[in-house]
Amino acid sequence: MVKKISATLLGAIAGCFLVTGVASAAEWRAWNIHNDGHPNTAAMDRFAELIDEATKGEIKLQVFHGGVLGSQPDALEQVRLGAIEIGNFNLGPIGPMVKEANLVSLPFIFKSVPHMFRVLDGEAGQTIAGAMAEAGVMPLAWVDAGARSFYSQKPINTPADVEGLKIRVMNNDLYTSMISAMGGNPSPMAFSEVQQALKTGVVDGAENNFPSFKNVGHYEVTTHYSLSEHLIIPECICVNTAKFNALSEEMQAAVRGAAEEAALYQRELWAVQSEQARKDVEAAGIKVNEIADKGPFQDAMVKVYEDYLAANPDMAALVEMAQSTE
Ligand code: GTR
């Protein structure tokens, strides 16, 4: 009997050690919507290596590519709740959840990608990051997603060309207002459904940057890409706030440092691969048209801003901050 008890006790003690051993190397999961060949996929793989090195193996990151852990709105909710620790998110779908993040979804709010980074590196960026962290999705580093332009079966040179077209947008009321303001029919839809919708004519067009246009084969089912560059939306490497805050200061610095380095790597890859993606789709037959005068598109957005600011007067200060950033 005594022997039996001590054997059980020993087993329990050994079990405790085992459990402690496993718990000390945290296993984190990361969500990424993109497939191989997209700059973010390579950057997220690099992030997993960097986090391993920086935390000396205390945090192991498993990255799930291709959106296999769910659509972007679902994954956002999961990171918020801590069911997934890390997400490589576009700020567009974060807007409906975090009001301050919606700044970046106002069409033409940024003059260029460098301007966007200057705004994010300033007070406006801190406000957005703080609000996101409060909501449970803390940005560790910002990454580049270029500019989004329209594509469809005909060139789009003026807002009037959008009239009557059914255009897929990401989930955010600002994008539906943007399309409606040009007389188009907005169709919010998950990224994974867009290729089929373009192919079957469920939508007449969509809008995205060159790497996404190429990576998921949208260029195979459309003919014209028109450089409206109406949205410049940043993306982030984000972490569940509670999981991050539970780390020691040393571990927090390691995780943040790894994310920052992975983000720099992403920006380098982005510069090269977005150029390449444009060349590749052109070689595959896509007609790319420059839009000499974007003024009419910007004019069409005046009403979007007016309605938005009337409904969200507390966003006026952030809008002003972005617009006055050099
Ligand atoms: C891509 C972006 C994704 C997703 C997608 C979309 O450019 O990187 O996170 O937002 O666009 O259109 O849904």
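Reply:
**A close look at phenylalanine 64**

Phenylalanine 64 counts as partly exposed, because it has 17 C-beta neighbours inside 10 Å. A residue needs 20 or more to be buried, and 12 or fewer to be exposed. Keep in mind that this is a predicted model.

Phenylalanine 64 lies in strand S2, which covers residues 59-64. Leaving out residues up to four places away in sequence, phenylalanine 64 touches Arg29, Ala30, Trp31, Asn32 and Leu69. Glycine 87 is 23 residues from phenylalanine 64 in sequence. Their C-alpha atoms are 9.7 Å apart in space.

Now to a helix pair. Helix H2 spans residues 39-54, and helix H10 spans residues 249-283. Their axes come within 8 Å and cross at roughly 155°. That makes H2 roughly antiparallel to H10, since angles over 145 degrees count as such. The crossing of H2 and H10 is right-handed.

Which residues meet there? From H2, they include Pro39, Ala43, Arg46, Phe47 and Leu50. From H10, they include Ala254, Glu261, Tyr265, Leu269 and Trp270. By class, the contact of H2 with H10 has 15 nonpolar, four polar and two charged residues.

Last, confidence. The chain has a mean pLDDT of 94, and 93% of its residues reach 70 or more. Residues 1-22 stay under 50 in pLDDT. For residues 1-22, the model has zero contacts beyond four places in sequence. Where pLDDT is low, the predicted coordinates should not be read in detail.

Definitions and conventions:
Residues are numbered from 1 along each chain as its sequence is written. This is a predicted model: local features need pLDDT of at least 70, side-chain atom pairs count only at pLDDT 80 or more; totals for chains, interfaces and linings use all residues. Axes are lines fitted to C-alpha atoms, for helices over the stretch in contact, and angles run from 0 to 180 degrees between N-to-C directions. Helices (H or I, at least four residues) and strands (E, at least two) are DSSP runs, numbered from the N terminus. Angles under 35 degrees count as roughly parallel, over 145 as roughly antiparallel, 65 to 115 as roughly perpendicular and the rest as oblique. A crossing is left-handed if the near helix is turned anticlockwise from the far one by less than a right angle, and right-handed if clockwise. Two residues are in contact if their C-beta atoms, placed from the backbone, lie within 7 Å. Ala, Val, Leu, Ile, Met, Phe, Trp, Tyr, Cys and Pro count as nonpolar, Asp, Glu, Lys and Arg as charged, and the others, Gly among them, as polar. pLDDT is the predictor's confidence in each residue, from 0 to 100.
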